[in-house]
Amino acid sequence: MTVGLLFDSTRCIACGACAEACKVQNHLPGPVQEECTAYTWTTVHTVEDHNIRKLCMHCLVPTCVSVCPVAALTKSAEGPVVYDAERCMGCRYCMMACPFDVPKYQWDRAIPAVGKCIMCTDLVKKGQPTACATACPVAATVFGERKDLIMDATERMRANPGTYQDHIYGIKEAGGTGVLMLAGVPYGKLGLKTDLGDEPPSMHTWQVLSKVPDFVGVWGASLYAVHWITSRRDEVAKFEGRDE
Amino acid sequence: MSQAQPAPRFRAGFWTVLCGVFFLALLVITFIRYSRGLGAVTHLSDKFPWGIWIGFDLLCGVGLAAGAFTVTAAVHIFNLKKFDPIVRSTLLTGYLGYIFVIVALLFDLGKPWNIWHAIIFWNPHSVMFEVAWCVMLYTTVLTIEFSPILFEWLGWNGLAHLVHRFLTLFVILGVILSTLHQSSLGTVYLIVPSKLHPLWYSTLLPLFFFLSAVGAGLGMVILESYLCKRAFGRHLEMDLLVPLARPMVAILSIYGIMRIQAIFRNGSVMDVVHFTYEGRMFLLEFTVGVLAPVFLLAFKKVRTSQSGLVAGAFLAVLGFVMNRLNVSVTGMERASGVHYVPSVMEIVVSVAFVGLAMAVFALAVHYLAIFPESVAAQAQAEPKHGWPLAVAEEGE
């Protein structure tokens with residue numbers, strides 16, 4: 001079972017209730033900021049009358065999880081991508097690597113942590129919807145099982161011809177995401193990335209990393225072989241009495 | 001001068017004072033960084049999380065230490081014993097390079113006290129995990145490879161001999177770890193195909209990082225010998241350094257051709273033709289780091305002249321630094337949407353570390369038997385356990 005969120009841009013009224021609810025639920029200090037920060041995990045932006053939320057996409061094969069050297073970021077069984085600040089050493093590779101630029105950092109703290117939406121994992125574990133979904137007055141953000149959300153989105157697209165783009169954002173992007181989006185205008189216009197491809201980025205690094213064990217064996221044996229041959233040459237030379 | 005005379009002289013004056021100022025500044029910045037966080041001293045941001053502490057200190061520190069494994073491999077694996085006299089100084093450079101990288105990491109990591117977590121919390125899917133293990137293991141190997149020099153100084157010749165007995169093993173381990181580490185720093189950037197500019201992004205990044213590190217690492221060996229000549233009044237071992245220029249030309253040529261192929265495949269030639277910001281930076285990097293040194297060092301006349309050799313080596317090293325900064329900064333800017341310029345404090349820290357590494361190098365040269373003349377002097381002082389210069393073949 002993988003849960004997720006479905007955000008419908010055509011329903012959103014940009015009231016900001018989701019961002020406020022997120023702050024309260026996750027005990028984040030300060031007011032909701034313009035852009036996502038370590039203290040504001042979701043925001044609503046308006047681009048030419050079209051509203052769009054920014055939040056962690058909770059990838060099916062999360063890049064941040066693959067790059068974290070100490071496994072501080074993990075994909076939980078229910079679907080949320082969660083973070084353990086105790087483990088984190090602060091290398092910020094997750095921020096570098098995330099195709100959606102989601103993880104943010106507490107640059108102002110001597111003991112910093114990464115901040116990002118964790119899909120209210122405590123609530124989700126109890127079978128409850130996320131704070132943002134509960135707070136939304138117009139059901140622009142709904143919580144549910146990912147496959148149900150896809151059915152729901154497909155149904156909306158069929159029932160309202162001409163209203164939506166002919167694509168659910170997140171269904172394949174970067175290998176698919178837990179957070180899905182619907183909009184009336186091209187997603188690129190709303191600031192979403194459209195050049196991510198259908199494969200998770202971690203595939204690129206795994207292609208190299210998975211070869212490391214073989215490489216160590218072959219390279220080590222080759223080096224020893226070269227050493228053996230070149231030393232043997234000296235031994236033979238010495239034995240035959242021609243030095244050098 | 002012809003007499004074995006290890007006493008290097010220290011230059012007081014402008015440089016010493018400048019170093020002093022930088023070290024003082026380093027102390028102040030260290031305090032601010034650990035009491036008020038990374039934001040107080042760097043220009044890093046959520047949009048640009050990695051700056052020159054990664055791009056210069058880490059990527060260049062590791063890369064320029066590549067001379068150590070290249071030269072030790074040449075001597076102990078390829079049995080090219082004539083290079084033995086420069087093994088110790090390249091080992092010292094490599095060792096200091098890695099220590100410099102670790103210290104820089106302690107500054108850059110948000111929670112450096114958790115650095116050891118990589119030992120107990122594993123994630124083999126992470127390139128950074130591989131990098132962390134390579135740093136740990138190779139620093140250990142370097143320590144072992146370097147330890148006989150310390151043991152000799154302490155007069156523990158028995159231990160020094162013991163290490164030597166297993167030296168081949170450690171050299172092979174060192175070469176494996178170095179190959180993995182140099183290339184893995186390129187693999188780090190494989191994860192960002194949508195962010196790193198196509199002039200630098202390529203699936204061959206690991207190979208590019210490895211090749212350019214070997215090329216520039218050899219350049220660094222030449223450059224470092226030249227600096228030692230300037231600082232300690234040594235002669236330049238042209239008979240050993242000139243042969244290093246030839247593999248440099250070969251490696252940099254292969255690297256250069258592969259880079260150009262990759263750029264054609266990526267379809268980013270137009271960036272160069274249209275002279276975009278990235279195109280200009282690439283041209284500068286490629287001219288300085290590949291074309292110029294290959295062109296200079298390919299000519300025997302240039303290669304065998306001291307100024308020509310040093311110029312070629314210097315350009316290769318400079319171009320290498322440009323490449324790493326282009327990958328880590330220039331190439332990432334467009335996708336990030338911001339223009340990152342390091343803060344004064346970031347620069348001061350990086351420069352102070354370089355100065356510190358050089359100061360430690362000078363100290364090590366002063367007290368330890370690094371150069372062949374000091375090795376010979378030490379062997380004379382203790383004739384009984386004379387430390388053989390060419391080590392691998394020595395019997396009982």
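Visitor: How many of the residues of H3(B) are buried?
Guide: This is a predicted model, in which local features need pLDDT of at least 70, side-chain atom pairs count only at pLDDT 80 or more, and totals for chains, interfaces and linings use all residues. Residues are numbered from 1 along each chain as its sequence is written, while chains are lettered from A and ligands numbered from 1 in the order in which they are written. A residue is buried if 20 or more other C-beta atoms, placed from the backbone, lie within 10 Å of its own, exposed if 12 or fewer do, and partly exposed in between. H3(B) is mostly covered, and its buried residues number 11 of 11.

Visitor: What covers the buried residues of H3(B)?
Guide: Helices (H or I, at least four residues) and strands (E, at least two) are DSSP runs, numbered from the N terminus. Among the buried residues of H3(B) are Phe69(B), Val71(B) and His76(B). The cover includes these helices of chain B: H2 (52-64), H4, H6, H8 and H9 (205-232).

Visitor: At what angle do the axes of H3(B) and H4(B) cross?
Guide: Axes are lines fitted to C-alpha atoms, for helices over the stretch in contact, and angles run from 0 to 180 degrees between N-to-C directions. The axes of H3 (residues 66-76) and H4 (residues 84-108) of chain B come within 8 Å, and they cross at roughly 155°. That makes H3(B) roughly antiparallel to H4(B), a label for angles over 145 degrees, where under 35 is roughly parallel, 65 to 115 roughly perpendicular and the rest oblique. The crossing angle, again, is roughly 155°.

Visitor: How many residues in the contact of H3(B) with H4(B) are charged?
Guide: Residues are in contact if their C-beta atoms, placed from the backbone, lie within 7 Å. The contact includes Phe69(B) and Val75(B) of H3(B), and Asp84(B) and Leu91(B) of H4(B). Ala, Val, Leu, Ile, Met, Phe, Trp, Tyr, Cys and Pro count as nonpolar, Asp, Glu, Lys and Arg as charged, and the others, Gly among them, as polar. There are 7 nonpolar and 5 polar residues, and the number charged is 1.

Visitor: How many charged residues has the contact of H10(B) with H12(B)?
Guide: Helices H10 (residues 238-266) and H12 (residues 277-298) of chain B pack at about 145°, with axes 9 Å apart. Met248(B) and Leu252(B) are among the residues of H10(B) in this contact, and Val294(B) and Leu297(B) among those of H12(B). The contact has 10 nonpolar and 2 polar residues, and of charged residues, none.

Visitor: Which helix gives the largest share of the side of chain B that touches chain A?
Guide: On this side, 46 residues of chain B are in contact with 48 residues of chain A. The elements that give two or more residues are H1 (14-36), H5 (117-120), H6 (127-154) and H8 (167-187) of chain B. The largest share, 7 residues, comes from H8(B).

Visitor: Is Met119(A) buried or exposed?
Guide: Met119(A) lies in the loop between strand E7 (114-115) and helix H4 (121-125) of chain A. Its phi is near 50°, a positive value in a residue other than glycine. Because 29 other C-beta atoms lie within 10 Å, Met119(A) is buried.

Visitor: How many C-beta neighbours inside 10 Å has Ala71(A)?
Guide: Ala71(A) is in the loop between helix H2 (63-67) and strand E4 (73-75) of chain A. Its phi is positive, about 55°, although Ala71(A) is not a glycine. Ala71(A) counts as partly exposed because its C-beta neighbours inside 10 Å number 19.

Key. Contact = placed C-beta atoms within 7 Å.
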